[in-house]
Amino acid sequence: MTRAPAVIAHRGASGYLPEHTREAKVLAYGQGADFVEQDVVATRDGHLVVLHDLFLDQVTDVAARFPGRARDDGRHYVIDFDLDEIKALRVRERRRPDGPQPLFPERFRDDAVAFRVATLDEELRLVQELNRETGRNVGICPEIKHPDFHRRHGIDLARRLLETLAAFGYRSAEDRVFVQCFDASELKRCREALGTRLRLAQLVEDDRPFPDPGALAEIASYAEILGPHFAQLVDVRRAGEGVAVVETADTALAAATAGLELYPYTFRRDQVPAFFPTFEALLAFFFEEVAVSGVFCDHPDIAVRVRDGLARRTSGERGEARR
């Protein structure tokens, strides 16, 4: 039996609640996600916290709460704050890089709700306790964020992350976890120098060329998963005015040939490309035609519904065929 594609809650159910808050992770869990994602960065006093950026400005009230603490570039970096200071911040919906407006205006709007930054330990405890209570086995997929930056500040982020995962029982390829990074040399180091047996995911920048067959073979020597932007896996051609034909790109076939599972990012209901009529159609194409192994999605409930609906339809068609 073919394994159903996994739905990864991208920064939690971030289409509904501020990203990487524990509330967003609990909602994603309740919506049926198979994995919840953790981007991991470090504080000045060495604690691992769950935040997407090296800096705090776009998702917290740091500028108002700690005036005068920005670097010369105007940003407030996580590494310049102790954990108790990070805990004093309120997390809110992500702002645009060029101003105070929300990046996604239709998402959660009430900044008075006191969402907080979570440590990695707190989040792992949360997921494991929910698994114990429900009998499910929802996984985690932490990302090593900017390892070189952390190294320059005296923190071996990859080592610290792997040690934390081991302390929570995540040690082998059979465990419900995979570790992500854009930095290929750091993932190789995790496999070779740090000796991890966890599954690894090589992320691919959306503004970089897709790996050629030789590079894919190299990636497959240390990682099991490839995480490109979804647009890198499709070809779009015009067939008449206003009509687009979308096909699975050779890149997707090349990754499969190399033995890599495909987990593209990021599927968002509020960012549907023009060549798909609906968000559901976008997801269905990747589940059915591209045959991905999983998707990173801001709206996990919709991805779960589309995936399960396709599975029921396929099962029904097989039943009809046997009649």
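A residue counts as exposed when its relative accessible area is over 50%, and as buried when that area is under 20%. What lies in between is partly exposed. The model shown in these views is predicted.

**Figure 1. A salt bridge joins Glu261 to Arg3.** The closest N and O atoms of the pair are 3.2 Å apart. Glu261 belongs to strand β10 (residues 261-262), whereas Arg3 sits in the segment before β1, so the bridge ties together parts that are 258 residues apart in sequence. The two partners are placed as follows. Arg3 has a relative accessibility of 58%, which is over 50%, so Arg3 counts as exposed. Glu261 is at 17% and therefore counts as buried. Side chains of opposite charge can pair when their charged atoms come close. In total, the structure holds 33 salt bridges.

**Figure 2. Asp61 and Arg65 meet through their side chains in a salt bridge.** The N to O distance is 2.9 Å. Asp61 is buried, with a relative accessible area of 15%. Arg65, at 38% relative accessibility, is partly exposed.

**Figure 3. Arg191 and Glu224 form a salt bridge between distant parts of the chain.** Their side chains meet at 3.0 Å, N to O. Arg191 is in helix α7, and Glu224 is in the loop between α8 (213-220) and β7 (225-227). The two residues are 33 residues apart. Glu224 has 27% relative accessibility and counts as partly exposed.

**Figure 4. A network of salt bridges links six named residues: Asp148, Arg151, Asp156, Arg159, Glu186 and Arg189.** Members of this network include Arg159, Glu186 and Arg189.

**Figure 5. Helices α6 and α7 cross at roughly 45 degrees.** Helix α6 spans residues 157-167 and helix α7 spans residues 184-191. Their axes come within 10 Å. The angle makes α6 oblique to α7. The crossing is right-handed. By type, the contact residues are 3 nonpolar, no polar and 3 charged.

**Figure 6. Helices α1 and α4 cross at roughly 25 degrees.** Helix α4 covers residues 120-134, and its axis comes within 11 Å of the axis of α1. Angles under 35 degrees count as roughly parallel, so α1 is roughly parallel to α4. The crossing of these helices is right-handed. Helix α1 brings Arg22, Lys25, Val26 and Tyr29 to the contact. Helix α4 brings Glu122, Glu123, Leu126, Val127, Leu130, Asn131 and Thr134. The contact residues divide into 5 nonpolar, 2 polar and 4 charged.

**Figure 7. Arg11 has a positive phi although it is not a glycine.** Its phi is about 60 degrees. Most residues other than glycine have a negative phi. Arg11 lies in the loop between β1 (6-9) and α1 (22-30). Its relative accessibility is 9%, so Arg11 counts as buried.

**Figure 8. His146 also has a positive phi, in a residue other than glycine.** The value is near 50 degrees. His146 is placed in the loop between β4 (139-144) and α5 (147-152). Its relative accessible area is 42%, and therefore His146 is partly exposed.

**Figure 9. Leu283 is a buried residue of helix α10.** The helix runs over residues 279-290. Leu283 has 1% relative accessibility, so it counts as buried. Residues up to four places away in sequence aside, Leu283 touches Phe267, Val295, Ile302, Ala303 and Val306. Leu283 and Arg307 are 24 residues apart in sequence. In space, the C-alpha atoms of Leu283 and Arg307 are 8.0 Å apart.

Technical notes: Residues numbered from 1 in each chain as written. Predicted model: local features only at pLDDT ≥ 70, side-chain atom pairs only at ≥ 80, totals over all residues. Heavy atoms only, no water. Helix = DSSP H or I, 4+ residues; strand = E, 2+ residues; numbered from the N terminus. Buried < 20%, exposed > 50% of the residue type's maximum accessible area, 1.4 Å probe, protein only. Axes fitted to C-alpha atoms, helices over the stretch in contact; angles between N-to-C directions. Parallel < 35°, antiparallel > 145°, perpendicular 65-115°, else oblique. Left-handed = near helix turned anticlockwise from the far one by under 90°. Nonpolar A, V, L, I, M, F, W, Y, C, P; charged D, E, K, R; others polar. Salt bridge = Lys/Arg side-chain N within 4 Å of Asp/Glu carboxyl O. Contact = heavy atoms within 4.5 Å.
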